[in-house]
Amino acid sequence: MKPRFISAIVLPLLIGCAQIQQLDPNYRSDWVETLSHARQAADAGNYFAADKLLDEYVRMHPGTPEASETAFWKAAYQVDPANNLGSLSGGIAALDAYLAANPNGIYRNEATVLRRTAAAAQGLTGKSLPAADSTARAVVKDTVVVESKSRDEQIAALRDQLAASKAELAKATAELDRIKKRLANPSN
């Protein structure tokens, strides 16, 4: 009798849980559709629209796991070199925020790799890294930025280029003066 009693209670609970999932069948498909439209907008170069689509999803589905994942996509679009509105420092800060806020995020590994890549790219452009909180530092503590030349070496190289350009300019000026003289006095 007990097994029937337990199954009489458990079966309706399972059916009830299944029906709760069906109360909002568009919940998951909204995420897939929003992400698809945001990707299409980004592929077309319209990062502003992609950002707004993700913001709208968060507004319509606050507190959901997918809503927290929009932070990854917004950060990824911000570090995209094709995004004229984005920046490496802003994207790195956004990735740090995503990693700090989502310790079990779906895109945690991708965010960590993207953050390291953006930090390395930022190091190559000579811009300083933004200050990050202790959580983010722990995530990227193995990031190494290798610069090819020190600042003094770069200045020396630029001075050498300037000297070479001046020498070429002096040669071109001398040749022009020679041509002017020859044209001014065609009998020679």
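**Exercise 1. Determine how helix α3 and helix α4 are arranged relative to each other.**

Step 1. Helix α3 (residues 47-60) packs against helix α4 (residues 65-79) at an angle of about 165 degrees, and their axes are 9 Å apart. The axes are lines fitted to C-alpha atoms over the stretch in contact, with angles running from 0 to 180 degrees between N-to-C directions. Helices are DSSP runs of H or I with at least four residues, and strands are runs of E with at least two, numbered from the N terminus.

The model is predicted: local features need pLDDT of at least 70 and side-chain atom pairs count only at pLDDT 80 or more, whereas totals for chains, interfaces and linings use all residues. Residues are numbered from 1 along each chain as its sequence is written, and side-chain values use heavy atoms, with hydrogens and water left out.

Step 2. Angles under 35 degrees count as roughly parallel, over 145 as roughly antiparallel, 65 to 115 as roughly perpendicular and the rest as oblique. α3 and α4 are therefore roughly antiparallel to each other.

Step 3. On the α3 side, the contact (heavy atoms within 4.5 Å) is made by Y47, A50, D51, L54, D55, Y57 and V58; α4 contributes E66, A67, T70, W73, K74 and Y77.

Step 4. Sorted by class, the residues of this contact are eight nonpolar, one polar and four charged. Ala, Val, Leu, Ile, Met, Phe, Trp, Tyr, Cys and Pro count as nonpolar, Asp, Glu, Lys and Arg as charged, and the others, Gly among them, as polar.

**Exercise 2. Classify the aromatic pair of F72 and W73.**

Step 1. The structure holds seven aromatic pairs. Rings of Phe, Tyr and Trp (its six-membered ring) pair if their centres lie within 6.5 Å; planes under 30 degrees apart count as stacked, over 60 as edge-to-face and the rest as tilted.

Step 2. For F72 and W73, the centres are 5.1 Å apart with 75 degrees between the planes, and the pair is edge-to-face.

Step 3. F72 and W73 are both buried, that is, under 20% relative accessible area, where exposed is over 50% and partly exposed lies in between (1.4 Å probe, protein chains only). Both belong to one aromatic cluster, formed by Y47, F72, W73, Y77, Y98 and Y107.

**Exercise 3. Describe the surroundings of N102.**

Step 1. N102 is located in the loop between α5 (88-101) and α6 (108-125).

Step 2. N102 counts as buried because its relative accessibility is 10%.

Step 3. Not counting residues up to four places away in sequence, N102 touches S68 and R108. N102 and S68 are 34 residues apart in sequence, with 7.5 Å between their C-alpha atoms.
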